[in-house]
Amino acid sequence: MDIAGTPALLTGDLPHPKPAQAHAQGIGNDVTVLVFQVTLRVDTDTDKRVALTDCGFDRVAPYWDECRLIGRTSTAKNTTIELIPGEIGSAPWPYPIVTLPADLRPR
């Protein structure tokens, strides 16, 4: 699938090895993915890491534990990073804190 840009809210069906059985058990296979870019990264002198994104989070209810770095491989240790929505009128503080590679940088 080609993505024309970010932010992007993508929806689709997850494949299941036994779709008829999953459906009979009421197991859903819908998935929604929010794809965004980091536009600015700041590390404070108190060792806090902050990343400005190119999207807002107020129209979705993300599972922040599932946040992943895509587009490149990183061997850096993971760290906690606070994500700040870059969209005007986005969700107010507190902002989500996610675990991502420490070498996260703007694209």
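Two strands pair if DSSP finds at least two bridges between them. Strands (E, at least two residues) are DSSP runs, numbered from the N terminus. The model is predicted: local features need pLDDT of at least 70, side-chain atom pairs count only at pLDDT 80 or more, and totals for chains, interfaces and linings use all residues. Residues are numbered from 1 along each chain as its sequence is written, and side-chain values use heavy atoms, with hydrogens and water left out.

**Exercise 1. Work out how strand 3 and strand 4 are joined, and describe the turn.**

Step 1. Take the direction. Strand 3 and strand 4 run antiparallel, joined by 5 bridges.
Step 2. Find a facing pair. Val38 stands opposite Thr53 in strand 4.
Step 3. Look at the link. The two strands form a hairpin with 5 residues between them.
Step 4. Check the turn. Asp47 lies in the loop between strand 3 (38-43) and strand 4 (49-53). Its phi is near 70°, a positive value in a residue other than glycine. Most residues other than glycine have a negative phi.
Step 5. Asp47 counts as exposed, at 52% relative accessibility. (Buried means under 20% relative accessible area, exposed over 50%, partly exposed in between; 1.4 Å probe, protein chains only.)

**Exercise 2. List the residues of the largest nonpolar core and the elements that supply two or more of them.**

Step 1. Apply the criterion: buried Ala, Val, Leu, Ile, Met, Phe, Trp, Tyr and Cys residues joined through side-chain atoms within 4.5 Å.
Step 2. The largest such core has 11 residues: Val38, Ala51, Cys55, Phe57, Trp64, Cys67, Ile81, Leu83, Val98, Leu100 and Leu104.
Step 3. Strand 5 (78-84) and strand 6 (97-101) each give two or more residues to this core.

**Exercise 3. Locate the cis peptide bond.**

Step 1. The bond joins Thr6 and Pro7, with omega about -5°. Most peptide bonds are trans.
Step 2. Pro7 sits in the segment before strand 1 (8-13).

Definitions and conventions
Helices (H or I, at least four residues) and strands (E, at least two) are DSSP runs, numbered from the N terminus.
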